[in-house]
Amino acid sequence: GGVQNGGKAEYNYTVDSARASLVRQEDTIIFGLIERARFPLNSPTYNQSYASIPQFRGTLLDFLVRDTEVIQAKAGRYTNLEENPFFPENLPPSVEPHYPFSQFLHPSAAMININNVIWKLYIDELLPIFVASGDDGNYAQTAATDLSLLQAISRRIHYGKFIAEAKFRESPKGYEPLIRAKDKEALMKLLTIESVEEMVVKRVKKKAMVLGQEVSLDRNVKGIKYKVDPSVVSFLYQKWLIPLTKNVEVEYLLSRLD
Ligand SMILES: O=C(O)C(=O)C[C@]1(C(=O)O)C=C[C@@H](O)C=C1
């Protein structure tokens with residue numbers, strides 16, 4: 001397809017390499033949670049009537065994300081299909097020379113973007129369970145940590161496209177009839193491996209303990225304190241991140257043969 005690869009070997013994802021990437025992304029997400037949890041909720045960040053930005057309608061977070069995405073688009077961020085913008089409308093093209101990223105995904109399926117769902121979920125459901133209530137006035141800093149965490153969560157969930165493609169290529173005969181029959185339930189069942197999910201949930205809890213513990217040189221400190229509650233991290237994965245990744249996988253597969 002389309003982009004010339006300039007003689008470079010095309011990088012192909014496998015189920016194993018995609019899983020390895022998800023494992024790495026766990027670190028980014030956990031650090032993102034730790035960074036955001038340094039601040040209390042700071043609700044004015046998400047309140048349109050608080051923000052009074054000239055020529056802009058929206059919240060401070062909307063403003064920061066929109067304008068950051070414009071810059072990042074120009075710098076070429078979205079030429080890599082692992083990245084999906086939150087405000088894809090009217091993003092400028094990259095001004096950078098194009099790197100020949102692998103055309104691994106099926107072109108129509110590559111267009112899936114559920115960031116509107118992720119955004120709403122983040123504000124309404126996720127924030128309240130891992131940040132303390134309160135207001136310390138650091139709204140711009142808060143929005144900056146929201147942006148990197150949102151990008152990390154979005155990347156993880158949309159990575160479902162790459163996993164789904166790798167799974168499809170490993171057993172097209174299993175997937176093709178279900179895709180033709182548009183059988184979402186059967187697709188969901190075929191791509192689900194409960195033992196892998198259980199490992200993910202256990203590992204992120206352990207990582208949150210290791211990466212998020214307060215480090216002290218004082219031997220007399222009693223009890224370990226965590227910067228973000230490890231059981232909240234495993235809950236986020238179990239309740240939201242894994243299910244949404246799987247939804248992306250199903251959506252991707254449904255248009256895989258278009
Ligand atoms: O590792 C896989 O096989 C995936 O599809 C990823 C994932 C996940 O979101 O972590 C989703 C579905 C599977 O049941 C197991 C794990």
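In this predicted model, helix H5 meets helix H9 through Gly160, Lys161, Ile163, Ala164, Glu165 and Phe168 on the H5 side and Thr245, Lys246, Val248, Glu249, Tyr252 and Leu253 on the H9 side. Sorted by class, this contact of H5 with H9 has six nonpolar, two polar and four charged residues. Ile163, Thr245 and Lys246, which take part in that contact, are also listed among the residues around the ligand.

**Geometry of H5 against H9**
- Helix H5, which covers residues 160–170, packs with H9 at an angle of about 55°, and the two axes are 8 Å apart.
- Because of that angle, H5 counts as oblique to H9.
- The crossing that H5 and H9 make is right-handed.

**H7 against H9**
- Helix H9 also packs with helix H7, residues 184–191, at an angle of about 120° and with the axes 10 Å apart.
- That angle makes H7 oblique to H9, and the crossing of these two helices is right-handed.
- On the H7 side the contact is made by Lys184, Leu187, Met188 and Leu191, which meet Lys246, Glu249, Val250 and Leu253 in H9.
- The contact of H7 with H9 has five nonpolar and three charged residues, and no polar ones.

**Surroundings of the ligand**
- The residues around the ligand are Arg19, Leu22, Ile163, Leu191, Thr192, Ile193, Val196, Glu197, Val200, Ile242, Thr245 and Lys246.
- Two or more residues of this shell come from each of helix H1 (15–37), helix H8 (194–211) and helix H9 (230–254).
- Counted by class, the shell around the ligand holds seven nonpolar, two polar and three charged residues.

**H2 against H4**
- Leu60, Leu61, Leu64, Val65 and Thr68 in H2 are in contact with Tyr139, Ala143, Ala144, Asp146 and Leu147 in H4.
- By class, this contact of H2 with H4 comprises eight nonpolar residues, one polar residue and one charged residue.

**The chain as a whole**
- The protein chain has nine helices and zero strands, and its pattern read along the sequence is α-α-α-α-α-α-α-α-α.
- The radius of gyration of the protein chain is 20 Å, which agrees with the value near 18 Å that a compact globule of 258 residues would have.
- Taken along the principal axes, the C-alpha atoms of the protein chain fill a box of roughly 55 × 50 × 35 Å.

Definitions and conventions. Residues numbered from 1 in each chain as written. Predicted model: local features only at pLDDT ≥ 70, side-chain atom pairs only at ≥ 80, totals over all residues. Near = placed C-beta within 6 Å. Helix = DSSP H or I, 4+ residues; strand = E, 2+ residues; numbered from the N terminus. Nonpolar A, V, L, I, M, F, W, Y, C, P; charged D, E, K, R; others polar. Axes fitted to C-alpha atoms, helices over the stretch in contact; angles between N-to-C directions. Parallel < 35°, antiparallel > 145°, perpendicular 65-115°, else oblique. Left-handed = near helix turned anticlockwise from the far one by under 90°. Contact = placed C-beta atoms within 7 Å. Rg over C-alpha atoms; globule rule 2.2 N^0.38 Å.
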